[in-house]
Amino acid sequence: MDMQTVIKRAERNIRQALRDYRAHTDKTEVLDDVSDAFITRLARDSSYAKQELRELFSKSPVWCEDIDALVINGTRTHNPDYTRIRNLAWDILAEPRYAAKRANDSERYADIEAAIEFFANPSLDQPEFYTAAINRLAPKAYAPGKKLSRVFKALCTKLGVADETAGSQFQHLYAQFADELTARKIGFKLYISINPAHFLTMSNPKCDKRGSTLTSCHSFNSTEYEYNNGCSGYARDNYTFIVFTVDDPSNPETLNNRKTTRQIFAYKPGNGLLLQSRMYNTSGGVYGAAEDSKLYRDLVQREISMLEEVPNLWKTCNFCGSDFASEIFKNEDFGGYPDWTYENFDAHVSVRRDRENDYEGFEIGAAGLCICCGDEINTKLYCDGCLSDDDEENYCEHCENYTSEELYEVHDSRGRTLMVCEDCRNSHYTQCEDCDEWYPNDSVYSTANGRYVCDDCRKNYSYCEECDELYCDDDMYLVHDENGIECRVCCDCLDEHYMECQHCHDYHYNKCVIAAYQENGDLAYVCDDCAAEYEECPHCGELVKVRDDGTCPHCGAVIDENEEEVESGKEHEVA
């Protein structure tokens, strides 16, 4: 297809997306400012930028040209075919099997048959019989909970058939075996898109009359944050694509205004290096979304490997802290939110085995476009020249109103700096009394003495294990609770519940401290451990430190460890 046709189609998609986006919200001030200049330039720039990805994706039988996206659903996926799994396992293990037969080693031959049956039959009555066979062939290959494809790989390695040479027959067969073993029929549609309209509407509109859901700093009808510039920035770069699901796939409108999950992926065709950014869903994403995220990654990897005609074998790790973190980087003009760079957002990077040692790094994002004039910008939605006279006033980033009043610097829940009006600051933010910075009310902690501290300064505070109040670490005391476990308590709880051992001078729970007599006759209190250095007087029954002359410092009697002599002494005294 010629590029002019692609560009015209992109223009239509953008215009339709903007109509869909405003269909259920009254918050349309930003959408009213979107110009033809913005739409035509974004359509052109995105069409050329994504050309390499389009050439790759369009080879797929599930490529939908009208929306510039792959659509994966139940007709594209299936549950494991165990007959195929058995046949592939026989092909891979053919040589060890025939070697056992030639050597007339019937036990080894039977173990190989049992091992294959374990993978090819999910309904075995006595699976332990088959796992025992696997571990006889390859000790420790099988363990409960271990991924089955890894068990099979360990078996192949031990039997000498695992050829890890890139493009080897083993890799081709093993990739098919692992794919079939982990196949899953999905009951939803997954969109893998390079459509600029889907980037613009990557987060749903704010103030949706149906109820706002999956909104974020990329919501395109809001100027609350500067990052919605990234919507056009992602659309204009070379390697990102958006993967998402929608509320009702039968209603095309929901592709643009009712997404239910979405992730940004990035891939340079032929390079074998795949980035998977944060998962967003209607519950906030990241936490509790790991299984969906893993499934999306698996489906994308399978599709790319099939299109590039190479084994679907990938090595995946967390992006942050990996060697790849310096290979995939944000374009310096990109104005979106680079969520893949934050450890707690669970971004992943995968490298395919055929390119494990010769992949190339690449950058993500590009400058965005001003929605009025279409010029390049790297923050927010408007360039300086397109701001109205009213916009030259101070803009509160909390209530989204303009004011002639002074603005104040605060921090949002992610630590980003915002400028807000005095009313918003006083109503929605609290000043940390340690660092003097302002944070959202629900991000500030109240201490026992009535001070307020932010999350960062909170690191210098701890909760008392007794009263559960927050105190400065400098005002806390290390003690041993009634179970002997070290913990920290405040001064009041120390006085009320703990005593100092007069031997080791550590503080222990009151009930765990024992009265004992020192050599000079003074009463002391000691912990259980230190009590081992005292003796129980057989005459008065008290715990004592025996004097040098062998007498009890409490009752004065001579302490003799030989009970018979003590009893004899008592009889002699009676006589």
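Trainee: Which residues does Cys-552 touch, not counting residues up to four places away in sequence?
Mentor: Bear in mind that this is a predicted model. Cys-552 sits in the loop between strand 31 (543-544) and helix 18 (563-574). Leaving out residues up to four places away in sequence, its contacts are Cys-537, Cys-540, Val-544, Arg-547, Ala-557 and Ile-559.

Trainee: Is Cys-552 buried or exposed?
Mentor: The cut-off for buried is under 20% relative accessible area. Cys-552 has 0% relative accessibility, so it counts as buried.

Trainee: How many Å apart in space are Cys-552 and Gly-521, C-alpha to C-alpha?
Mentor: Along the sequence, Cys-552 and Gly-521 are 31 residues apart. In space, going C-alpha to C-alpha, the separation is 8.6 Å.

Trainee: OK, on to another loop residue. Is Thr-213 buried or exposed?
Mentor: Thr-213 is in the loop between helix 11 (196-200) and helix 12 (230-235). Not counting residues up to four places away in sequence, Thr-213 touches Asn-204, Arg-258 and Thr-282. Its relative accessible area is 18%, and the limit is under 20%. Thr-213 is therefore buried.

Trainee: Now the helices. Are helix 7 and helix 8 roughly parallel or oblique to each other?
Mentor: Helix 7 (residues 106-120) packs on helix 8 (residues 127-137) at an angle of about 125°, the axes being 8 Å apart. Angles of 65 to 115 degrees would count as roughly perpendicular, and over 145 as roughly antiparallel. Helix 7 and helix 8 are therefore oblique.

Trainee: What is the make-up by class of the contact of helix 7 with helix 8?
Mentor: The crossing itself is left-handed. On the helix 7 side, the contact residues include Ile-112, Phe-118 and Phe-119, while helix 8 brings Phe-129, Tyr-130 and Ile-134, among others. Charged residues take part too, among them Arg-108 and Asp-111 of helix 7 and Arg-136 of helix 8. The tally by class is 11 nonpolar, one polar and four charged residues.

Trainee: Which residues touch the most other members of the largest nonpolar core?
Mentor: That core has 48 residues, and helix 1 (residues 3-21) gives the most to it, with six. Phe-220 has contacts that include Leu-18, Tyr-21, Val-34, Leu-200, Ile-371 and Leu-381, and Phe-38 is also one of them. The residues touching the most other members are Phe-38 and Phe-220.

Methods:
Residues are numbered from 1 along each chain as its sequence is written. This is a predicted model: local features need pLDDT of at least 70, side-chain atom pairs count only at pLDDT 80 or more; totals for chains, interfaces and linings use all residues. Side-chain values use heavy atoms; hydrogens and water are left out. Axes are lines fitted to C-alpha atoms, for helices over the stretch in contact, and angles run from 0 to 180 degrees between N-to-C directions. Helices (H or I, at least four residues) and strands (E, at least two) are DSSP runs, numbered from the N terminus. Angles under 35 degrees count as roughly parallel, over 145 as roughly antiparallel, 65 to 115 as roughly perpendicular and the rest as oblique. A crossing is left-handed if the near helix is turned anticlockwise from the far one by less than a right angle, and right-handed if clockwise. Contact means heavy atoms within 4.5 Å. A nonpolar core is a set of buried Ala, Val, Leu, Ile, Met, Phe, Trp, Tyr and Cys residues joined through side-chain atoms within 4.5 Å. Buried means under 20% relative accessible area, exposed over 50%, partly exposed in between (1.4 Å probe, protein chains only).
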